[in-house]
Amino acid sequence: MPMVTLEKIARLAQESRFDSLGPAVDVDPEKLSSLGEGTRYDVCASTHSPRNPNLPGICHSFSHDGRCVSLFKTLYTNYCSHQCNYCTNAANCSRRTATFSYTPQELVGITLSMYRANYIEGLFLSSGSGRNEDHIMERMLETARMLRQKHEFQGYIHLKVLPGASRSHIQEAMELADRVSINLEAASASHMSEMSSTKNYESDILQRQRYIRDLATSENLPAGQTTQLVVGASNECDEEIFKRVLYEYKEIGVRRVYYSAFSPQDGTPFQNNVPQPKWREVRLYQMDWLFRVYHLHPQEIWHAFDENGLLPNADPKMTIARELVDLPRRPEHCTLSRAAHGSRHRAQKRQENNCSQKETGHLPKG
Amino acid sequence: MRIPDDFLHYLSAHEDCSERLLFRAKDISAEELDVSIDAEAKRIRKMVRQVQTEVHRMEAFVRLRPLGPCVLYGYLKPRHRIGEIICDFFARRNPQTIVVLGNGHESWISFNYGGEILRKRGAKMAETLEQLKSSFNCSEEGRDVKDIWQAYYDSQYSPCHKSAKSSHKRMPRRDQKAAGLRMVQNKSIVTLDDF
């Protein structure tokens, strides 16, 4: 073990002349907080990235709601020309707050200084569409480019793909980021038309997801693509969500789907809609885990839904087990063994898929 | 979580690890340790996990501040003997920067020089930092990003999801104290003397 004198270490450090201070950071706290609030409901459950060398996931902090805050999660700008009925940044929101926008230099400065101080593992960059979506996407890419190329940033980068992003922008994002994502928001095109008058479900969202799927290689995008849904904003049922989720996992190949229970925001057209309970989100995550991690067959999972196509506030695993025990063709011991062999089965599957412990370590308890 | 092959490294860092226990652990493989129901093996397994947990939490919770352009320093007072492991971790994360961790009794210095880690154990943190200050001839302590972090962190809170229980569970007080987080949170200005 090399033990040396402090003087020698100091001399070597001075020779390598690395600036631990990084670029100067001077940011308006109001801007930080407004653009930070814009991503409050975006979920990032893990910062693990299976690149070479492997980047482990570390949760540096937890907010008062127990959720991990390990990325600098922010909007590039909160100015948006889309008209989404649930969003406070939307053009049709009557209580829009002041609009702010970062520059790539500012974002790089904040990210680097918080990364060095060990507050964060990296950057999660989303944005409103601005006046010109292409321009905003370009600025977001410039931020990632500066971090990776100019500052040799080794941390985690998650970039949101804006609905109108071009194929070449998506390709560049995939080369720079560990993970990219584009939010589905709605379970189907008809629900999307209720939620937003400006976004086209097929061309703005699904088509971009397919671009990402088709452009993925073994070298780019180590942590893959993910997506997120707003649950209950347009009265969709859980069965519809499950159908969409199956499509996402099987056809698009997303690594994870995140669910965010709808909560009405003042000034938006949906302000008087009923807020969705937190447990709905939890039950959907449990359903998701039964499919993705425990590899239950979709036909088994259908048993978890009630006659209205909703998941009741009960553990879906138990509901399914009870339903299956009553089936005459299925002997009881089969169902029981499946319901009980959770952790061992999970560990085996994990080893097989070479999937990280971090990635699968957030099973919501129910 | 499986027991790692180099579990002796973690076991030897445990505050209650004796020479005798370490000697006996040398005969056990990681695979055996994973499944054994022998009382001593269970104890070893528990001790390894305790050290791993503290290592993981310290890597997550210790915050660093710049001292001039070449040094990052932070508070660390772990229960187990893991100062060096944590200091090396930060040296690897911040190449070509001297990383100093420590408290009122001891300090660790690591420096990643082209992939090789150079190490030094020091006395009191304040003394080590004074020495480095005079070596570099710098008086400025450098910018702290605490305010930027706080403004950002507060913006991430959504009241409808409030759950104090899960927040406390994931950030135990004991680990926050060991990483100096509570000290940093409770004082608006932390000076070198606080270390």
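Contact means heavy atoms within 4.5 Å. Axes are lines fitted to C-alpha atoms, for helices over the stretch in contact, and angles run from 0 to 180 degrees between N-to-C directions. Helices (H or I, at least four residues) and strands (E, at least two) are DSSP runs, numbered from the N terminus. On these terms, helix H5 (residues 83–93) of chain B lies across E3, E4 and E5 of chain B. The helix runs at about 35 degrees to E4(B).

The model is predicted: local features require pLDDT of at least 70, side-chain atom pairs count only at pLDDT 80 or more, and totals for chains, interfaces and linings use all residues. Residues are numbered from 1 along each chain as its sequence is written, chains are lettered from A and ligands numbered from 1 in the order in which they are written, and side-chain values use heavy atoms, with hydrogens and water left out.

Chain B contains 10 helices and 5 strands. Buried residues (under 20% relative accessible area; exposed is over 50%, partly exposed in between; 1.4 Å probe, protein chains only) account for 52% of its 195 residues. The chain exposes about 9,700 Å², of which carbon and sulfur atoms supply 49%. Accessible areas come from the Shrake-Rupley method with a 1.4 Å probe, and for residues only the protein chains shown count as cover. Of the contacts in chain B between residues at least 6 apart in sequence, 58% join residues at least 24 apart.

The sheet of chain B is open, with 5 strands in the order E1-E2-E3-E4-E5 and mixed pairing. Strand E1 (65–67) and strand E5 (116–122) of chain B are at the edges, each with a single partner strand, so one side of each lacks a neighbour in the sheet. Neighbouring strands are turned by 25 degrees against each other on average, direction ignored. Two strands pair if DSSP finds at least two bridges between them. Strand E3 (residues 98–102) of chain B pairs with E4(B) in the antiparallel sense over 5 bridges. Within E4(B), Trp108(B) is the bridge partner of Leu101(B).

Ser107(B) belongs to strand E4 (residues 107–113) of chain B. The residue is buried, at a relative accessible area of 0%. A polar atom of the Ser107(B) side chain lies 2.8 Å from the backbone oxygen of Ala123(B). Not counting residues up to four places away in sequence, Ser107(B) touches several residues, among them Leu101(B), Lys120(B), Met125(B) and Thr128(B).

Glu31(B) sits in helix H3 (residues 30–35) of chain B. Its relative accessibility is 46%, so Glu31(B) counts as partly exposed. Leaving aside neighbours within four places in sequence, Glu31(B) is in contact with Arg2(B) and Asp5(B). The C-alpha atoms of Glu31(B) and Pro4(B) are separated by 8.8 Å, and the two residues are 27 apart along the chain.

Chain A also has an open sheet, here of 6 strands in the order E1-E2-E3-E4-E5-E6 with parallel pairing. E1 and E6 of chain A form the edges, each with a single partner strand, so one side of each has no neighbour in the sheet. From one strand to the next, the twist averages 20 degrees. Helix H4 (residues 133–150) of chain A packs on this sheet, touching E2 and strand E3 (156–160) of chain A. The direction of H4(A) makes about 170 degrees with that of E3(A).

In a regular strand the side chains alternate between the two faces of the sheet. In strand E1 (residues 71–75) of chain A, 5 of the 5 residues are buried. Leu71(A), Lys73(A) and Leu75(A) lie on one side, Phe72(A) and Thr74(A) on the other. E1(A) pairs in the parallel sense with strand E2 (residues 122–126) of chain A over 5 bridges. Leu125(A), in E2(A), is the bridge partner of Thr74(A).

E6(A) pairs with E5(A) in the parallel sense over 6 bridges. Ala261(A) is the bridge partner of Val231(A).

Helix H8 (residues 238–252) of chain A has 15 residues. Its buried residues include Ile241(A), Phe242(A), Leu246(A) and Tyr249(A). Their cover includes strand E6 (256–261) and helix H9 (278–292) of chain A. Gly253(A) follows H8(A), with a positive phi near 75 degrees.

Notes:
A polar contact is a pair of N or O atoms within 3.5 Å; within protein, one must be able to donate a hydrogen and the other to accept it, and residues adjacent in sequence count only if both atoms are side-chain atoms. The expected span of a helix is 1.5 Å times one less than its number of residues.
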